[in-house]
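User: I'd like to go through this one slowly, please. Could you show it to me?

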Amino acid sequence: MSVGGEAVDPGWEVDPDDEWGVAVIATVGRQLKLRREAVGMRAAEFGEAVGYGEDLVYKIEGGKRIPRQEYLDRADEVLGAGGLITATWEDVKKVRYPKKVRELAKLEAQAVEIGVYECNIIAGLLQTPEHARAVISAAQPPYSPDDVERMVTARLARQSVFERDPAPSIHFVLEEAALRRPIGGTMVWRRQLERLLEVGRLHNVMLQVMPLNSEVHSGLDGRIEVLKFPDGTAVGRSDGAFSGRPTTDPKQLRILELRYGTIRAQALSPGESLSLIEQLLGET
């Protein structure tokens, strides 16, 4: 983004609770500062050369801001670093997303089976960019535009799980009420329904819908997620159990699997669910 030809958004804020992220960004910032000073450029002069304000240059060099790839590429060119600054992106991109998102993405990337029940929203793994942006932007107090884009990018990056080979077994149960809510407006809603149909037809995905006329079920306490790994271990989380914290305890996992299995049994079949989504799409 630029104002008057000057870029004003070189990256994302650093999460102070993310020790690894803080260390990586601080190291990259020091390297940038040392190289800038080595060629005799003042921060204001360098900022003008790369198209960013002086204040934001100081934030990146001070490890307070996570630079985007284009910022590093431009800095490498201006400072004649021969690709050394550009190469730091390999480290930066590992910490550009919030710590919790990185941890979740890592687990999803390793799992051979993923099961998700969502009671209020469409699961993040299924959201389109526009839908994700609308959902995240609705938070109160609101996130900054910069943080919204960072979170949207992080959420979409997790969807690489659908491209894994061998493919994991993935199943979702979504509430019909969430599918009927036109988040982001009609066009965004329509594209989201189309995305559900696309993913729901993948050979390794089972998508089910809990119908509105289901009076009660074991998912009313909130979201449930269960991930299983090649070595036979598993991890699960539920908004309504164990304080919402991830658990690997066999007894607690059995409880979550029982609840999730009951939810799946009460939901529409995958075929019926896709037919319902097609019906909703025809009504938009």
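User: Where does Pro141 lie?

Analyst: Pro141 lies in the loop between α8 (129–137) and α9 (145–157), where helices (H or I, at least four residues) and strands (E, at least two) are DSSP runs numbered from the N terminus. Before we go on, please keep in mind that this is a predicted model, in which local features need pLDDT of at least 70 and side-chain atom pairs count only at pLDDT 80 or more, while totals for chains, interfaces and linings use all residues. Residues are numbered from 1 along each chain as its sequence is written, and side-chain values use heavy atoms, with hydrogens and water left out.

User: OK, and what kind of peptide bond joins Gln140 and Pro141?

Analyst: The bond between Gln140 and Pro141 is cis, with omega at about -5°. A cis peptide bond also joins Asp165 and Pro166, where omega is about 5°, and Pro166 is found in the loop between α9 and β6. For background, most peptide bonds are trans.

User: What's the mean pLDDT of the protein?

Analyst: The mean pLDDT, which is the predictor's confidence in each residue on a scale from 0 to 100, is 87 for the protein, and 90% of the residues reach 70 or more. Over residues 1–10, however, the pLDDT is below 50, although this stretch has 27 contacts in the model beyond near neighbours in sequence, a contact being heavy atoms within 4.5 Å. Where pLDDT is low, the predicted coordinates should not be read in detail.

User: Switching topic, how many helices and strands are there?

Analyst: The secondary structure comes to 13 helices and nine strands, and the C-alpha atoms fill a box of roughly 70 × 45 × 35 Å, taken along the principal axes. Of the 284 residues, 45% are buried, where buried means under 20% relative accessible area, exposed means over 50% and partly exposed lies in between (1.4 Å probe, protein chains only).

User: What order do the strands of the open sheet have?

Analyst: The five strands of this open sheet are ordered β7-β6-β5-β8-β9, and their pairing is mixed; two strands are taken to pair if DSSP finds at least two bridges between them. At the edges are β7 (205–210) and β9, each of which pairs on one side only. In general, strands of a sheet pair through backbone hydrogen bonds, either parallel or antiparallel.

User: Which way does β7 run next to β6, parallel or antiparallel?

Analyst: Strand β6 (residues 169–175) and β7 run parallel and are joined by six bridges, with Val173 having Gln208 in β7 as its bridge partner.

User: Are Phe46 and Tyr71 buried or exposed?

Analyst: Phe46 is buried, with a relative accessible area of 2%, and Tyr71 is buried as well, with a value of 0%. The rings of Tyr52 and Tyr71 have their centres 4.9 Å apart and their planes at 65°, so that pair is edge-to-face too. Ring pairs therefore link Phe46, Tyr52 and Tyr71 into a cluster.

User: Last one: which residues does Arg36 touch?

Analyst: Not counting residues up to four places away in sequence, Arg36 touches Met41, Arg42, Ala43, Phe46, Tyr58, Glu61 and Leu79. Arg36 has its place in helix α1 (residues 19–38) and is buried, with a relative accessible area of 5%.

Note on methods: Rings of Phe, Tyr and Trp (its six-membered ring) pair if their centres lie within 6.5 Å; planes under 30 degrees apart count as stacked, over 60 as edge-to-face and the rest as tilted.
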